Amino acid sequence: MFYPDQTFQQMSEQLMKIHQDKLHQSRKLVLMVDLDNTLIHTTEIPCQLSPKKNVFKMKLEGSPTYYVRLRPYYKEFLEKISELFELNIFTFACQSYAKTVAGFLDPDNTFFAQRIISRDNCFYPATKMANVRFFSPCGESMTCMIDDREDVWNFAPGLVAVKPYMYSKKQNPYDSHVSMDSGTVAALYALAGTTKIEIPSKKN
Ligand SMILES: [Mg+2]
């Protein structure tokens, strides 16, 4: 319950606590999920690969037409990891781009529930890691990341680096570097089970 004399900071801390308790009850950690070259590949060149399933045309104000291709088996991947993590999109692209791509990946808001962090929300433009404490309800200790770039996360121990997804006419979606392979899922599961990332015990 909130009271009229509470400061913004007090209300914010209370909301954070509610969110922490919810995560604790569901036994989930927070996962920051990168978009470009992790879940998607965006180009200005139309996709020639057939079938054109999971390819979307995107036109944002002031930008050229983009073609967004979703990584093969992205949905199965998100289904699997959402059992253990509360998923957040975290991209250094702009908010309109992030929201549009989120609509392609998750049209029913099943996985991300509109939890989208873009460069428009960030305080630090050069490193994603420095921004985590502002967005993760549980700070860095309960936050994991998946990204094709390790440097933007300062090579943090909670990071699972993936091989960049780059659309190519020649590629075979069954190649392990194209789809999100089982090793990536296993790495995330290992992180969720590691004792280094502590789930705080509930206070009475
Ligand atoms: Mg990326």
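Colleague: What makes β2, β4 and β3 an open sheet, and is the pairing parallel or antiparallel?

Modeller: The 3 strands stand in the order β2-β4-β3, with antiparallel pairing. The edge strands, β2 (40-43) and β3 (55-59), each pair on one side only. From one strand to the next, the twist averages 25°. This is a predicted model, in which local features need pLDDT of at least 70 and side-chain atom pairs count only at pLDDT 80 or more, while totals for chains, interfaces and linings use all residues. Residues are numbered from 1 along each chain as its sequence is written.

Colleague: How do you know that β2 and strand β4 pair?

Modeller: A strand is a DSSP run of E with at least two residues, a helix is a run of H or I with at least four, and both are numbered from the N terminus. Two strands pair if DSSP finds at least two bridges between them. β2 and β4 (residues 65-70) have 4 bridges in the antiparallel sense, so they pass. In one of these bridges, the partner of Ile 40 is Leu 70 in β4. Strands of a sheet pair through backbone hydrogen bonds, either parallel or antiparallel.

Colleague: Which strands form the parallel sheet, and in what order?

Modeller: It is an open sheet of 5 strands, ordered β6-β5-β1-β7-β8. β6 and β8 are the edge strands, each pairing on one side only. β1 and β5 run parallel and are joined by 5 bridges; in β5, Ile 89 is the bridge partner of Val 33. Overall, the protein has 5 helices and 8 strands, in the pattern α-β-β-β-β-α-β-α-β-α-β-β-α.

Colleague: Why is α1 said to lie largely in the open?

Modeller: A residue is buried if 20 or more other C-beta atoms lie within 10 Å of its own, exposed if 12 or fewer, and partly exposed in between, with C-beta atoms placed from the backbone. Of the 19 residues of α1, the number buried is 1, so the helix lies largely in the open. For the protein, buried residues make up 29% of 204.

Colleague: What makes the buried residues of α2 line one face of the helix?

Modeller: Tyr 74, Phe 77 and Ile 81 are buried in α2. Seen down the axis, the buried residues fall within an arc of 60°, so they line one face. That arc is taken from the directions from the helix axis to the C-beta atoms. Glu 76 and Glu 79 are exposed, on the face turned away from the buried side. What covers the buried residues includes β1, β4, β5, α3 and α5.

Colleague: Which residues touch the most other members of the largest nonpolar core?

Modeller: Leu 31, Val 33, Val 101 and Cys 144 do, in a core of 39 residues. Elements giving two or more residues to this core include β1 (29-33), α2 (74-81), β5 (85-90) and α3 (95-105). A nonpolar core is a set of buried Ala, Val, Leu, Ile, Met, Phe, Trp, Tyr and Cys residues joined through C-beta atoms within 7 Å. Residues are in contact if their C-beta atoms, placed from the backbone, lie within 7 Å. Setting aside neighbours within four places in sequence, the contacts of Leu 31 include Ile 81, Leu 87 and Cys 144.

Notes
Two residues are in contact if their C-beta atoms, placed from the backbone, lie within 7 Å. Axes are lines fitted to C-alpha atoms, for helices over the stretch in contact, and angles run from 0 to 180 degrees between N-to-C directions.
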